[in-house]
Amino acid sequence: MAYRNKVYVAFDGDNDMRYYDLMRAWRVKDVFDFNDAHDLHSARDSSTEESIKKSLMDRFNNSKLFILLVGEHTKYLTKFVKWEIEVAIRLKLPIVAVNLNKSRQEDDLLPAVLRGELYIVVAYDEDIMKYAMENWPIEDSNHRKRNESGGYYYPDSVYSKL
């Protein structure tokens with residue numbers, strides 16, 4: 001088994017690329033310290049679905065955390081994003097759902113495949129995202145040990161401290 005030290009980020013590549021790019025810029029500015037799973041290989045649009053999923057699985061096999069950027073269209077993306085969520089669930093990766101609309105709790109934009117699974121929802125903001133990346137994996141592990149599932153969110157007091 002490969003050493004898992006990467007963060008896998010799933011998002012709507014047609015509509016939400018700017019949010020992913022900003023996350024990568026925060027990483028360069030040392031706001032985040034994460035190894036991006038998307039740095040491993042490039043999956044080309046001209047590739048077959050099967051070869052793209054194989055490349056994505058290579059990324060998953062090196063990932064310790066799954067971040068889902070949730071935009072207006074994310075829940076409708078069934079070809080890759082839904083598949084990516086299902087793989088993250090199957091691999092029991094800690095899941096951080098990041099609301100691009102800055103909502104601090106789940107809303108109707110959350111993909112249905114996540115309902116009933118273990119995840120945390122945070123607003124799209126560098127401080128709370130960094131906090132979740134550092135803290136949710138341990139919290140996720142504790143919830144799993146108690147056989148707990150469902151959606152969680154940080155109270156306003158955590159946001160205020162940050």
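This is a predicted model: local features need pLDDT of at least 70, side-chain atom pairs count only at pLDDT 80 or more; totals for chains, interfaces and linings use all residues.
Local features need pLDDT of at least 70 and side-chain atom pairs count only at pLDDT 80 or more, while totals for chains, interfaces and linings use all residues. Residues are numbered from 1 along each chain as its sequence is written, and side-chain values use heavy atoms, with hydrogens and water left out.

Because 5 of its 5 residues are buried, β1 is largely enclosed by the rest of the structure. Buried means under 20% relative accessible area, exposed over 50% and partly exposed in between, with a 1.4 Å probe and protein chains only. In a regular strand the side chains alternate between the two faces of the sheet. In β1, Lys6, Tyr8 and Ala10 lie on one side and Val7 and Val9 on the other. The strand pairs in the parallel sense with β3 (residues 63-70) over 5 bridges, where pairing requires that DSSP finds at least two bridges. Lys6 is opposite Ser63 of β3.

Helix α3 (residues 81-90) meets helix α2 (residues 49-60). Lys53, Leu56, Met57 and Phe60 of α2 are in contact with Trp83, Glu84, Val87 and Ala88 of α3, contact being heavy atoms within 4.5 Å.

In α3, 7 of 10 residues are buried, among them Trp83, Ile85 and Ile89. The buried residues of α3 pack against β1, α2, β3 and β4 (95-99). After α3 comes Lys92, with a positive phi near 60 degrees.

Technical notes:
Axes are lines fitted to C-alpha atoms, for helices over the stretch in contact, and angles run from 0 to 180 degrees between N-to-C directions. Helices (H or I, at least four residues) and strands (E, at least two) are DSSP runs, numbered from the N terminus.
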